[in-house]
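Open the model in your viewer and keep the selection panel at hand. The tour goes from one selection to the next.

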Amino acid sequence: METEGRNKTRLGLERMRPCWALFVLALLLLSVPSIAASTYIIAPGGSYTIRVTVKKTPYIRLREGDWEVRAYFYDGTTNYCTGNWTDFGYSGWWQHRYRGDDWTDSTETRTVNVGVQIVPRPRPEIDKQHGMGDIPLNTNVSFRIRLIVHDVQPEFPDPEAESGLVTFQIGGYPFQYSYTRDDYGRYHISGQGFEGMIDRSTTGEWRLMVDLDLSAYVTEDAPTTATFTISQSLNLTLQSTAAPEPTLTLPDEVRLVGSVIVIIIPVGIGLYMALRRKTEELPVPEY
């Protein structure tokens, strides 16, 4: 009887073992930062390529130098990308970027690559003297991709108002959107499925910005090089207050008839002018 009791106890423990294993695993998962929330994993000193798609309204024209895409990793006012200290602050906020080329055709999407270099750990002492500490380990940091359209020249009925309407220009077209003004003097605009922000840079230029705010997990075990393909797009899908009329696409049959007419009209005009010249010529004098 005693032996039978021990066997039952052992059998019960063996049946409970998988449950204990799952319980311990759950505790371990709860005790570490969430990696599942971050698709992107980076290492101190790593070098990464950010591949992102930009979408724009077909009639928006962006000339070379009119736009750019930046990428950086940060927490608050601390930037975790390599950079230098300049008169305008730490260059890690802007030096890792794709400088926009000429995009004045009607294509709606463009995929660009931004190369980003992460600071080593420990980071340079000069950065720490300016208040930027080491990149943390085994935790998430903020990851931002930013589209900037330069020199949008906004007009505000009342620039100090907390909300209102703003009009600005891109590629010769005017745009008007409602805005709310935050405590830092930035104008958050929205409407018609678009969200962005108008901000004045340290050089005094007014810019339109569209952000993708993500997160990345930092660990020394991460690959030091990788390409991150971003599933979301940077959307410059603005609607102008003076949008051009949509181009009418004719069926093939109509275009064929039109082509025939285009050919026939000049020929008909030529024949008419030739006959007219003959009827208007002076008669041959009779001798």
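Predicted model: local features only at pLDDT ≥ 70, side-chain atom pairs only at ≥ 80, totals over all residues.

The stops below cover the core, a sheet and some salt bridges.

Select Phe168 and Leu208: they have the most contacts inside the largest nonpolar core, which has 59 residues. Next, colour strand β14, residues 206–218; seven residues of this core come from β14, the largest share. Now show what surrounds Phe168. Its contacts include Val152, Pro154, Tyr173, Phe175, Ile189, Ile198, Leu208 and Leu238.

**Sheet.** Select β8, β2 and β15. They form an open sheet of three strands in the order β8-β2-β15, with mixed pairing. β8 (109–117) and β15 (225–236) are the edges; each has a single partner strand, so one side of each lacks a neighbour in the sheet. From one strand to the next, the twist averages 20°. Zoom in on β2 (residues 47–56): nine bridges join β2 to β8, and the two run antiparallel. Pick Ser47 and you will find its bridge partner in β8, Gln117.

**Salt bridges.** The structure holds 11. Start with Arg97 and Glu68, whose closest N and O atoms are 3.2 Å apart. Arg97 lies in β7 and Glu68 in β3, so the pair ties together parts 29 residues apart in sequence. Glu68 counts as buried at 5% relative accessibility, while Arg97 is partly exposed at 24%.

Return to β14 and select Asp211. Its side chain meets that of Arg146 in a salt bridge, 2.7 Å from N to O. Arg146 sits in strand β9, 65 residues away from Asp211. Arg146 is buried, at 12%.

Key: Residues numbered from 1 in each chain as written. Heavy atoms only, no water. Core = buried A, V, L, I, M, F, W, Y, C linked by side-chain atoms within 4.5 Å. Buried < 20%, exposed > 50% of the residue type's maximum accessible area, 1.4 Å probe, protein only. Helix = DSSP H or I, 4+ residues; strand = E, 2+ residues; numbered from the N terminus. Contact = heavy atoms within 4.5 Å. Pairing = 2+ DSSP bridges. Axes fitted to C-alpha atoms, helices over the stretch in contact; angles between N-to-C directions. Salt bridge = Lys/Arg side-chain N within 4 Å of Asp/Glu carboxyl O. Lists of a residue's contacts leave out its neighbours within four places in sequence.
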